[in-house]
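Hi everyone, thanks for coming. Let's take a look at this one together.

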Amino acid sequence: MTAQTAAPTVGAVRAIATPHTLATEAGRQAFADGGSAVDAAIAADAVLTVVYPHNTAIGGDLIALVARTAAADAGADGDPPTSAAPAPGAGSQTTLELVDGFGYAPRAVDPAAWGTSGRVPAFGPESITVPGTLRGWKHLHDTYGRLPWARLLEPAIACARDGYPISESLRGAIDRTAASGPEGLAFVEAMFGPDWAEAEQASNPALARTLTRLAEAGPDDFYDGAVAADVLAYLQQVRPDFAAEDLADYTVHIGEPLSTEFAGLTVNTGGAPCQGFALLRYLDELGEAAEPRGAAGPDGVGGAAGSDSVGASGVGESGGTGESGGGNGSSGADSIDDGALTDAALARIWTGSFAASDALRDSVLAEDTDPALLLDRSGRLGSGDPGASPTGNASAAGSAFPTGGASPADTVRPDATPPADGDTVGIAASDGEVSISLIQSLYSAFGSRCLDPHTGIVFQNRGSMFSLDPDSPQLVRGRTRPAHTLMPVIVTDPTGRPALVQATMGGKAQAQIHARLFTHLVRGGTAAEAVALPRWVTGVRHPDDTPQSVHAEEDVPAEAVAELERSSPEPVQWTAPRTDWMGHANVIDLRGETPEAASDPRADGSAWVG
């Protein structure tokens, strides 16, 4: 398979890339009808909840990062997107908004009912949290949409009602789930019927009826209307601690991204409770390796801290501002030598950096974790230092790792959280004024494997990221949100305008996939090259893995493999090139005269520019 790209069109400003061709077509149609990039993304996302049910559903969660560029004299909300983008520079301004549609545990949850150690069960009703997708769509549409709400769901309704082809990715997930045991087989038979093994087409009439109701009544109906009543009836049947108020009270969180600067660009992603910090920490380390503090590079650039940085982390609307990452921001320049971005250079620090970040995500990351501490690589977070408690609770911080200077990667159990299949969708879209990186997920393949036959909804298993340890900052509590793997990425240029829009599936390896994409684009590669590059990931992917385990596609360059072998005590585990579980990435490059868009060859997707 090869990357699916869209040929540049003179004067084009609109672009979309998704992991399924039917979703991309839904986005294209939304653009053709006069919709914004957000309209196109929602229409595509809705189709994916039907045709990619192993990766996403309206019973799952959502996070999105939106960049809006408007003329400096525009009103507070800007003007609706037009066919031409505002000219860059002083005459325009860009704002970034992070829309966190992560769900929470029901108020009446009793963690002691499941034990006092380990994690919430990986599958089944215990792993369900309140779905955030519909309220996420509502906020996005209310704020950035142009088309009527019902119009956005029409393609998804048609797919669910009339049927859709079973894609290669979906077929693999069906077969693996059916082979996983009796519960998996029962789910597959309920979802796809007794002839699932030979089926080439699938449909979901119950979901078509649910989506039709949501199109007519609006997205809030999922939380306080007829659909909410149906959802609650099912949830209370399988898990009685859910109450009507858990749905009705749910709201999305709106905030600013977490950011770092690298090579003159600002990389923006999600803060706690998502794992976006892992990407930023890696880029900070890479920047430091490229430009040692106080030393001049090959071009005579380098110098004192406080200059334009290669890796200075912080929180802010356009990045590069806010609190320092605890001394981890390196000195540097607007560009770095290409030799610092070779595959070997990337791999040299890869395992150590991401193992440390994975340890934080799987032990102390919580919804109220201080972002400055997440970006602080001094080791204070999780060291037992009361001042470094992620939530201001010294006992919670001290319980995560033993004291004595041990690194997080050495002290976290490999099975701290169950490995995820990376079952998520990522959509990148842009219209010249609005750009969006939208990520939606069930977490594992088919989520909790709980299917409501009346509504056709599959529910996520994101609650399996909760801990049962009473001293853990990740303890499951009522109305708390678990740590999350979902992370949108938009990269902005020195004027604040979007330069790159990235979105990917990949579970706990999402930060690593984003690092692979971004570094190749920075070193001059195309979007098509970036999504198709051979990948490697570190961390727990299978039950016997450790934080230092390395999985690599067979065509990873030898020089990178050599560095990975040097940095891990374990032999590299090989997988076929372009393998499905190495992530489905989608990229839009906005740095040229017209956008370039590309969809990952590991998925079933496509890209469109027009």
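Let's start with His514, which counts as buried because its relative accessibility is 0%; buried means under 20% relative accessible area, exposed over 50%, partly exposed in between, with a 1.4 Å probe and protein chains only. Before I go on, this is a predicted model, where local features need pLDDT of at least 70, side-chain atom pairs count only at pLDDT 80 or more, and totals for chains, interfaces and linings use all residues. Residues are numbered from 1 along each chain as its sequence is written, and side-chain values use heavy atoms, with hydrogens and water left out.

His514 sits in helix α16, residues 510–522; helices here are DSSP runs of H or I with at least four residues, strands are E runs of at least two, and both are numbered from the N terminus. So what does His514 touch, not counting residues up to four places away in sequence? Those are Leu279, Met487, Val489, Gln502, Ala503 and Thr504, with contact meaning heavy atoms within 4.5 Å.

Next, the sheet. Three strands form an open sheet, ordered β17-β18-β19, with mixed pairing; two strands pair if DSSP finds at least two bridges between them. β17 (536–538) and β19 (573–575) are at the edges with a single partner strand each, so one side of each has no neighbour in the sheet. β17 and β18 (residues 550–553) run antiparallel, joined by three bridges.
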